[in-house]
Amino acid sequence: MSDAEPAETIRRSRPVRVAEAIKDWVVEKGLLPGDRLPGEAELIGHFGMSKGTIREAMRLLQAQGLVVTKTGPGGGSFVGEVSTDRARALLANYFYFRNVSIDDIYQLRVALEPEVAASLAGRLDAAQIDRLEAIMAEYEHPATSAEEERAQHVASLRFHACLAEFSENAMLSFFIGFMARILTDLTVYKKLYAQPNEELWKRGRAHQLGLIAALKAGDADAAREIMRDHMQMARRMMEDQEAVVMKRFIAE
């Protein structure tokens, strides 16, 4: 321990260092979610730390969702898995302290979503196509009120999140779903759909119908172009609606 570094700082950082060491150990052992972790006594012996330090390290890992503790018969500590919803909520809360704009989000959507669409052309099964078409059925007809128009917009975002789920690229799937959540939960429209926009509904629906046809036909180039046009139209719509990302923490 360095004379320049207070003993209190060392004591506080020990549980963090042990938590990191436990994570490294889980990786080295190839443990999976649900696998049992060693008991407290074994961890004390393995890491050469006090009971208090081990307990605090485990509490840190529980807070991160990487350790799950169960009581009763068969209880103990197990490897946990951070859920997609929790990871997206944590990331959204991180961006609370950054100035994220609608244009920032659509810059990514325009770049990523056409490539996802192209990658899925000819690769979706009947059940997956059915899921997409079932979402589209929620806005089969133009909205008749501002409230209904908002609900249709949210359903359309769910269409994009669902499509991303089908991608084999976990990173793309996560971030597209994350952006859909931000646009659903944290977007304020200053004009707030003062009146339904039937022309916008017609064009957006035509894009999605064309996309479904391209996906079924296995036409990657068409799927890419249709999605790019769709994203650019959505970007213009957000600008016209004077949409902004509001400051609010998201619950996990």
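**Exercise 1.** Classify Phe-95 by its relative accessibility.

*Solution.* Phe-95 comes out at 31% relative accessibility, so it counts as partly exposed. The cut-offs are under 20% relative accessible area for buried and over 50% for exposed, with partly exposed in between (1.4 Å probe, protein chains only).

A quick note before going on: this is a predicted model, where local features need pLDDT of at least 70 and side-chain atom pairs count only at pLDDT 80 or more, while totals for chains, interfaces and linings use all residues. Residues are numbered from 1 along each chain as its sequence is written, and side-chain values use heavy atoms, leaving out hydrogens and water.

**Exercise 2.** Work out how the rings of Tyr-94 and Phe-95 are arranged.

*Solution.* Rings of Phe, Tyr and Trp (its six-membered ring) pair if their centres lie within 6.5 Å; planes under 30 degrees apart are stacked, over 60 edge-to-face, and the rest tilted. By this rule there are three aromatic pairs. For Tyr-94 and Phe-95, the centres are 5.1 Å apart and the planes sit at 70 degrees, so the pair is edge-to-face. Phe-174 and Phe-175 also pair edge-to-face, with 5.2 Å between centres and 90 degrees between planes. Finally, Tyr-94, Phe-95 and Phe-178 make up one aromatic cluster.

**Exercise 3.** Find out whether Ala-118 is buried or exposed, and what it touches.

*Solution.* Start with accessibility: Ala-118 has 9%, so it's buried. Next, look for contacts (heavy atoms within 4.5 Å). Leaving aside residues up to four places away in sequence, Ala-118 touches Ala-220, Ala-223 and Arg-224.
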